[in-house]
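Try each task before you read its solution.

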Amino acid sequence: MRKIGRNDPCPCGSGKKFKRCHLGKEDQLPRETTAGEFSPDDSARITRLPEVSYGRSREMLDGLDIKNLTGSSARVRFIDLAAYKELDLAEARGSETEETGSGGVLINILKTKITDPDNLYLAISPDISDSTLVHQLAHVLDYLGGSNLMPGMAKPLSFDVGVPGEHLEHPHEYGYWLTYLQKAFDVELDADDTIVAFLFENDMLIKGRDIEQQDKTLLRAKSERMMRFMSENSAEIDALICERAGYIGSRVNQE
């Protein structure tokens, strides 16, 4: 099994960093976490893909001083989404935790860190929208200088706690970076992220430290608080999102 870095996402799927979860307790990891381990050869197949520049990807990346914003020296590489999918690595461990959006996906760091520990990889399509770019870059900044959650890593916790996955997948820190990028690059958010931004502005998103503590009672209470707020403000939310990309009707009853 590949050695897990102290700051890597814990392979148990908790959403915590390894050092704060199963470091020193590796024998307690579920057996399936060692199955289908991502190989260096498969990792290299990703990291060898050529960089691409689609839409405003290069403009946005060049406009971000990631080191100054997050304190991290990590860099971001854009690769072609179709080329990434053609690698047919869906069965490799880590695929189940990737949040595949329309036109873009932040590749799980466990896949690429084996051969390239200095970069994060975003797979994007030629027709990627500004809103999708902002969505994925907000996840990058949140991981590097926010909640430290990689997209998808909190899904097992959401099932365990019994709260909507979206409530843990987009924490308060993600909301901060989302609104920061939206303003910095003058982007109209899609319907779902417009709701996230609205919740952030009203201090309704769950903070990363609360997710990290995994206090089920606390997380349920904060999730229920968010649901009540959305229900009480459903008319305002619908007015905000009704003309945004991705609008399919009221989101309140779908949470």
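Ring pairs join Tyr176, Trp177, Tyr180 and Phe200 into a cluster. This is a predicted model, where local features need pLDDT of at least 70, side-chain atom pairs count only at pLDDT 80 or more, and totals for chains, interfaces and linings use all residues. Residues are numbered from 1 along each chain as its sequence is written, and side-chain values use heavy atoms, with hydrogens and water left out.

**Exercise 1.** Work out how tyrosine 176 pairs with tryptophan 177 and with phenylalanine 200.

*Step 1.* Start with the rule: rings of Phe, Tyr and Trp (its six-membered ring) pair if their centres lie within 6.5 Å; planes under 30 degrees apart are stacked, over 60 edge-to-face, the rest tilted. That gives four aromatic pairs.

*Step 2.* Tyrosine 176 and tryptophan 177 sit 4.9 Å centre to centre with 75 degrees between the planes, so call them edge-to-face.

*Step 3.* Tyrosine 176 and phenylalanine 200 are edge-to-face too, at 6.4 Å and 70 degrees. Tyrosine 176 lies in helix H9 (residues 172-184) and phenylalanine 200 in helix H10, so this pair ties together parts 24 residues apart in sequence. Helices here are DSSP runs (H or I, at least four residues), numbered from the N terminus.

**Exercise 2.** Find out what surrounds aspartate 193.

*Step 1.* Look in helix H10 (residues 191-201), where aspartate 193 is found.

*Step 2.* Aspartate 193 is buried, meaning under 20% relative accessible area with a 1.4 Å probe, protein chains only.

*Step 3.* Beyond neighbours within four places in sequence, aspartate 193 contacts His135, Tyr174 and Leu178 (heavy atoms within 4.5 Å).

Conventions:
Helices (H or I, at least four residues) and strands (E, at least two) are DSSP runs, numbered from the N terminus. Buried means under 20% relative accessible area, exposed over 50%, partly exposed in between (1.4 Å probe, protein chains only). Lys and Arg count as positive and Asp and Glu as negative; His and the chain ends are not counted. A salt bridge is a side-chain nitrogen of Lys or Arg within 4 Å of a carboxyl oxygen of Asp or Glu.
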